[in-house]
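Load the model in your viewer and keep the selection panel open.

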Amino acid sequence: MSEIISAKNVTTAYGSRIMHDNVSFSVKKAEIYGFLGGSGSGKTTLMKTLIYLNQPKSGEIKIFGEDIWSVGEDRRNEIRLKCGVMFQFGALYSSMNVLENVGVLLREYSNFSDKEINELAMFWIQKVGLKKESAMLNPNELSGGMKKRVALARALALSPEILFLDEPNSGLDPLSSRALDRLVCELRDNLGVTVVMVTHDVDSIFDILDRFLIVDNKKIIFEGALSEIEKLENNPLEELFKMRAK
Ligand SMILES: Nc1ncnc2c1ncn2[C@@H]1O[C@H](COP(=O)(O)OP(=O)(O)OP(=O)(O)O)[C@@H](O)[C@H]1O
Ligand SMILES: [Mg+2]
């Protein structure tokens with residue numbers, strides 16, 4: 001399997017505060033790849049460096065084989081459009097209903113007619129497990145879990161090649177959470193979508209991640225599959241779960 005994302009010797013910082021010190025990792029095509037680590041360890045920050053929201057201090061990040069921070073403006077926009085993003089606190093536009101929120105990128109970046117945009121938005125709304133009727137609701141009429149699904153539908157609207165999800169399961173009840181995991185697997189299996197997800201959901205970690213990294217104290221302390229981490233004498237996952245349980 002070929003690498004779709006590769007990060008080499010990446011250092012990130014907020015001002016003079018180093019968040020990641022010379023870290024490297026890679027994601028293969030059609031993999032479901034996890035970013036794990038304690039709260040505040042820098043998972044969201046690391047994801048932001050992959051989607052043009054946080055420029056690394058040094059190092060190289062390649063997506064589709066291209067150094068994303070050194071390509072020209074046009075190519076940068078093309079790469080951006082191939083990446084769907086669902087943020088941790090998935091902000092929806094409060095002045096737009098669900099249908100409009102999901103269609104917002106289609107209206108901006110596609111040549112589809114309004115009718116086609118609404119049909120496509122409706123397709124994704126149902127795909128993420130929302131009822132047709134919710135399309136006309138405003139964000140303030142939605143539960144936390146529904147908002148997450150709308151944000152996911154919006155991230156999927158342009159049929160991205162890579163889907164970045166920041167804690168997609170948090171705030172969902174166990175049934176919805178498993179449904180979301182199944183959807184992620186389906187996107188990968190049927191459409192070949194590569195998924196990078198920040199998660200601390202134990203079921204997701206055990207059931208759907210192909211490989212993952214663990215960030216701790218500015219470093220990546222593990223990168224690999226569950227079967228590999230389970231062989232370690234001091235399994236960092238156990239430490240992580242203990243920390244979460246406190
Ligand atoms: N825009 C910013 N400016 C300055 N510091 C920031 C900024 N965003 C995040 N930080 C700091 O960087 C650190 C890592 O934050 P980040 O959001 O990446 O952590 P995280 O691993 O995603 O945490 P969580 O599990 O709680 O979401 C935190 O100490 C945070 O306060
Ligand atoms: Mg975060």
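At roughly what angle do the axes of helix 3 and helix 5 cross? Select residues 98–109 for helix 3 and 144–156 for helix 5: the axes come within 7 Å and cross at roughly 30°. Axes here are lines fitted to C-alpha atoms, for helices over the stretch in contact, and angles run from 0 to 180 degrees between N-to-C directions. Helices (H or I, at least four residues) and strands (E, at least two) are DSSP runs, numbered from the N terminus.

This is a predicted model; local features need pLDDT of at least 70, side-chain atom pairs count only at pLDDT 80 or more, and totals for chains, interfaces and linings use all residues. Residues are numbered from 1 along each chain as its sequence is written, chains are lettered from A and ligands numbered from 1 in the order in which they are written, and side-chain values use heavy atoms, with hydrogens and water left out.

Next, show side chains. Val98, Asn101, Val102, Val104 and Leu105 in helix 3 meet Val150, Ala153 and Arg154 in helix 5 (contact means heavy atoms within 4.5 Å).

Now select glutamate 167, in the loop between strand 7 (162–166) and helix 6 (174–191). Its phi is near 50°, a positive value in a residue other than glycine. Most residues other than glycine have a negative phi. At 9% relative accessibility, glutamate 167 counts as buried (under 20% relative accessible area; exposed is over 50%, partly exposed in between; 1.4 Å probe, protein chains only).

Last, select lysine 218, in the loop between strand 9 (211–216) and strand 10 (219–224). Phi of lysine 218 is near 75°, again positive, and at 36% relative accessibility lysine 218 counts as partly exposed.
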